Amino acid sequence: MIIREANIGKFGKLENQKYQFSPRINVIYGANESGKSTLMQFLKAMLFGLEKTRVRKTLDTYNRYEPWDTPAYFYGSMVFETGQQQFLLERNFYHKEKRARLVNIRDGEELSVEYGDLDMLLGNVSAAAYENTCCIGQEQLLPGRELGVLLEDERSNLAQTGSGDFQLSKALQELEQKRKHAEKTRKELEQQRLSRIHQLEVNQQVLERDIAGLKAQQEKQSTQQGTMQEQVRGLQQQMEPVQADYQTVCKREQELNSAVAQVQSEWEQAEREQWKQEQLQREQEEAEALQQKFGKNAGFSPLLLIGVAGLILAPVLRSAMDGFQKIAPFVNVVCIILILAGLASAYCRNRAKKEADAAQNHRQSVNDAAQDYREQNGRSNGGMDLHSVERERRKSALDQQLQRVRQQKSALEEQLQKLKDQKKALQLQAARQEGSGDQLQSQIQEKEVERENLTEQVDELQQETLEEQNARADREALELAAETMFRLAARMSKTLEHTLDKEMSEILAQITGDVHEQLQMNGAQGIVLTEQMQKRVPEAYSQGTMQQAYFAYRMAAGHMLMKEEPLPFLLDETFANYDEERLRQTLRWLAEQENQILLFTCRENEMRLLKEEGIPFASIQL
């Protein structure tokens, strides 16, 4: 890959700047604070983007280079060449309007940065791998930097995948986290299962207590039912003599009622005889009154006599008296009326006479019957009076006995009804107890069935669930994966260490003029220099030698990482601590590489040595 052109809208102190680069070696020269490091950061940001992070602003690249006055103009573009094709890459770094555009200049096809087209053009090299190999900034060369962990990760990662973005320690850590998560999931599932078992066992205990309580209640009800049945039998035994007495009293009441009825019948017969006697007496008196009323002057009427006399005397008076002629018709009418009235009266009297005769005959018969009754009763009159007194006394005695018997009957009825009510109440309570006992039996059966179901569930839960088995299998698989990865990494690391050791030893030997010929990887110390059978870490040497050792390691690692697409070397004051001879040897080595070289420096030594060595280069003055 070759960077052909860089156009900066605004990036740090650089604004509206355009730079063109040579395919081989480019020396970007300028004084301190002229923008060399800013240009290097811009090129790296164009290749891999620039993210706003949450670290302190003094350490945050985004905040360091964001324009403070016009942050929306935080953008730039780049023209680069790869695979004999040129591409235009545009980026807006402003985090609120972040965007990237990638265009194939030859055919105008627009590619997608978001979906990995740029990553493919960069050979799928990550920003982490690039920064740890081909891109060396000033801050990466400061004395006292802790590189041991980084070197160990890079060595292990190269042994695993050849990608600096993949870190074995992180991968193992992720596997361990996943293993812990799987184990945690398994334990949670197991805890849930055990908790469920505990809950079911608690429910079983509750059901056992409920069943025991119901059975105790059932036994208590059974005892109460037996007691109530005994009470019912006792009441039945108490009722039998009372019922016998009651029947006896009822029978005695019937006898007394019969006796009272007989006495009452005799009493009523005597009253009927007396009434009959009184009736005969009244009839006799009425007959005598009729005889007296109709016995005299039967068949005679004075009116008839007066009317006949008037008719006889009327002619005599009419001839004797002159004035009688006028009233004669009226007198005749009166006489006729008197005659008719007399006839009617005579008829009535004759009829009354007949009735008087009949009354006389009836009176005679009544007198005869009364005489016979008097004769009949006259002989027993004194005895009837005695019988009347006896009946009265007897009736009074019977009434008293009947009253006492009825009182006794009422008491027995009340006692018997009370016993019946008690018996009925006991029988009703016993029926309720029996129904409650059936309900208790039903509840006991339901709870026993539920207890059996809980027992079955507990038995089923004693075994691991499918989810627990899967979680256990996942944990074991992750443990196996981590163990396998670690074992394979250790195995491959030996082979890759030898290759890496050989290449970085050759680079270091060329840089130092064969002063240091053997540079090796060391798992505990990172890299070590071997001299006279002794191994020493680079920090044990001078700053220049230490930086040269790390430079050799980075370049060798970069060759391994960037086999698909050699990326430009961005070297910012990388050789500040090199002496002139080693800098010369380093420039010779760089000239032999196929990568594009961008050297950022504030000194003229690099350009002078390049000219002396006849190495072509392009210079850019900032």
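Tutor: The account below takes up the aromatic pairs, then the helices, and then some individual residues.

The model is predicted. Its structure holds twelve aromatic pairs. One of them joins Phe 11 and Phe 93 in an edge-to-face arrangement, with 5.6 Å from centre to centre and 70 degrees between the planes. Phe 11 belongs to strand β1 (residues 2–11), while Phe 93 sits in the loop between β5 (85–92) and β6 (99–104), so this pair ties together parts that lie 82 residues apart in sequence. Phe 11 and Phe 93 are both buried.

A further pair is formed by Phe 551 and Phe 575: the ring centres are 5.6 Å apart and the planes stand at 75 degrees, so the pair is edge-to-face. This pair, too, links distant parts of the chain, for Phe 551 is in helix α11 and Phe 575 is in the loop between β12 (569–572) and α12 (580–592), 24 residues apart. Phe 551 has a relative accessible area of 1% and is therefore buried. Phe 575 also counts as buried, because its relative accessibility is 3%, and the cut-off for that term is under 20%.

Helix α11, which carries Phe 551, comprises residues 543–561. Over its 19 residues it reaches 26 Å from the first C-alpha to the last, close to the 27 Å expected at 1.5 Å a residue. The helix is mostly covered, with 17 of its 19 residues buried.

The loop that holds Phe 575 lies between β12 and α12, and α12 in turn meets helix α13 (residues 605–613). The axes of α12 and α13 come within 10 Å and cross at roughly 65 degrees. The crossing of α12 and α13 is right-handed. On the α12 side the contacts involve Glu 580, Leu 583, Arg 584, Leu 587 and Arg 588. These residues meet Asn 605, Glu 606, Arg 608, Leu 609, Leu 610, Glu 612 and Glu 613 of α13.

Most residues other than glycine have a negative phi. Gln 84, although not a glycine, has a positive phi of about 60 degrees. Gln 84 is found in the loop between β4 (75–82) and β5, and with a relative accessible area of 78% it is exposed. Asp 514, likewise a residue other than glycine, has a positive phi near 65 degrees. Its place is in the loop between α10 (466–512) and β9 (519–522), and at 48% relative accessibility Asp 514 counts as partly exposed.

Helix α10 itself contains Asp 501. Asp 501 counts as buried, at 13% relative accessibility. Apart from neighbours within four places in sequence, Asp 501 is in contact with Leu 519, Gln 520 and Met 521.

Key. Residues are numbered from 1 along each chain as its sequence is written. This is a predicted model: local features need pLDDT of at least 70, side-chain atom pairs count only at pLDDT 80 or more; totals for chains, interfaces and linings use all residues. Side-chain values use heavy atoms; hydrogens and water are left out. Helices (H or I, at least four residues) and strands (E, at least two) are DSSP runs, numbered from the N terminus. The expected span of a helix is 1.5 Å times one less than its number of residues. Buried means under 20% relative accessible area, exposed over 50%, partly exposed in between (1.4 Å probe, protein chains only). Rings of Phe, Tyr and Trp (its six-membered ring) pair if their centres lie within 6.5 Å; planes under 30 degrees apart count as stacked, over 60 as edge-to-face and the rest as tilted. Axes are lines fitted to C-alpha atoms, for helices over the stretch in contact, and angles run from 0 to 180 degrees between N-to-C directions. A crossing is left-handed if the near helix is turned anticlockwise from the far one by less than a right angle, and right-handed if clockwise. Contact means heavy atoms within 4.5 Å.
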